[in-house]
Amino acid sequence: MIKLIASDMDGTLLNENSEVPPETFDLIMALREKGVHFAASSGRRYDTLCKFFAPVREYMDFVASNGAQVFVNGEVVDREVMSHASLLRLIEVVRRFDCLHVALSDRTHTFLYDDYEVYEREIDKDLPDAHRIYDELSPNVNILKASIYCDTAEYLMDMQYALSRELGDKFAFTPSGKKWIDANQLGVTKATGIAQVMRAHGIEREAVMAFGDAMNDYEILSFVGHSRAMGNARYAIKQIADKVIETNVEHGVQNEMRKVLESLS
């Protein structure tokens, strides 16, 4: 029996207009009445996720910033802050390459190390509350997420490799979109985040279903008992998932949620 459903956002739960299909809210509430919890699992920050789920935010859980922010029943159960020294090293390495540009996020702001027009917005990289900074990063700022923009798509894999060689002892680098690379804290993933949600509710892996489409969903899909890859997912994600479902445009997640609900009737 499924007791927890975790879903990625962009390319997964959201439709082609980057919106939550209205039917989703009714499904979350109907599943909750049957004892099934729902968690948004995303690279987006907690504050932005709350806006997406405004009608039901009090009745669900959140694994935000790729696992660095975890909220259960409206209460924070984990917040993984990045090492200040490691971030300074990241910025130093990125500056060696003229095609790379850093974007850092705390709870409510995005800090850009280059001019706004340099960065191309992509799906979850909408850079909410962005501020251009010129000084060195203050140790008083608690950074939860670091992303690197590569202004030439064909260089993306080269840059991921270079960053991994230089900083693999401090970060795990994951492609995110066509021109972005996420620098994740070692040992912090969507899987570690959902594990804390599971612990809070007393739920085992076999009772968890997760949905995803991109490489930052790899760990969580490998971890849960029931993994679902979107029809529009990356090749590797489809390979490790138990089942490939419809695309996000076809409301694949919502269709599977409805099947779970029907199985409980």
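Two strands are taken to pair if DSSP finds at least two bridges between them. On this basis, in the predicted model, 6 strands form an open sheet in the order E8-E7-E6-E9-E11-E10, and the pairing within this sheet is mixed. The edges are held by strand E8 (130–132) and strand E10 (171–175); each has a single partner strand, so one side of each is left without a neighbour in the sheet. On average, and with direction ignored, neighbouring strands of this sheet are turned by 25° against each other. Within the sheet, strand E6 (residues 100–105) and strand E9 (residues 145–150) run antiparallel and are joined by 6 bridges. Val-102 stands opposite Ile-148 in E9.

Two helices lie across this sheet. Helix H4 lies across E6, E9, E10 and strand E11 (180–185), and H4 runs at about 155° to E6. Helix H5 lies across E6, E9, E10 and E11, and its direction is at about 175° to E10.

Helices H4 and H5 also pack against each other. Two packed helices are described by the angle between their axes and the distance between the axes. For helix H4 (residues 84–94) and helix H5 (residues 156–167), the angle is about 135° and the axes are 11 Å apart. H4 is therefore oblique to H5. The crossing in which H4 passes H5 is right-handed. On the H4 side the contact is made by Arg-89, Leu-90, Val-93 and Val-94, which meet Leu-163, Glu-166 and Leu-167 in H5. Sorted by class, the residues of this contact are 5 nonpolar and 2 charged, with no polar residue.

A further open sheet has 8 strands, in the order E5-E4-E3-E2-E1-E12-E13-E14, again with mixed pairing. Strand E5 (75–79) and strand E14 (243–244) stand at its edges; each of them has a single partner strand, so one side of each is left without a neighbour in the sheet. Inside this order, strand E12 (residues 208–212) pairs with strand E13 (residues 226–229) in the parallel sense, over 4 bridges. In this pairing Met-209 stands opposite His-226 in E13.

Another helix pair is formed by H2 and H9. The axes of H2 and H9 come within 10 Å and cross at roughly 25°. An angle under 35 degrees counts as roughly parallel, and H2 and H9 are therefore roughly parallel to each other. Their crossing is left-handed. From H2, the residues Glu-23, Thr-24, Leu-27, Ile-28, Ala-30 and Leu-31 take part in the contact, meeting Gln-254, Met-257, Arg-258, Val-260 and Leu-261 in H9. The contact of H2 with H9 is made up of 7 nonpolar, 2 polar and 2 charged residues.

Salt bridges were then counted, and the model has 18 of them. One of these joins the side chains of Glu-23 and Arg-258, with 2.9 Å from N to O.

Technical notes: Residues are numbered from 1 along each chain as its sequence is written. This is a predicted model: local features need pLDDT of at least 70, side-chain atom pairs count only at pLDDT 80 or more; totals for chains, interfaces and linings use all residues. Side-chain values use heavy atoms; hydrogens and water are left out. Axes are lines fitted to C-alpha atoms, for helices over the stretch in contact, and angles run from 0 to 180 degrees between N-to-C directions. Angles under 35 degrees count as roughly parallel, over 145 as roughly antiparallel, 65 to 115 as roughly perpendicular and the rest as oblique. A crossing is left-handed if the near helix is turned anticlockwise from the far one by less than a right angle, and right-handed if clockwise. Contact means heavy atoms within 4.5 Å. Ala, Val, Leu, Ile, Met, Phe, Trp, Tyr, Cys and Pro count as nonpolar, Asp, Glu, Lys and Arg as charged, and the others, Gly among them, as polar. A salt bridge is a side-chain nitrogen of Lys or Arg within 4 Å of a carboxyl oxygen of Asp or Glu.
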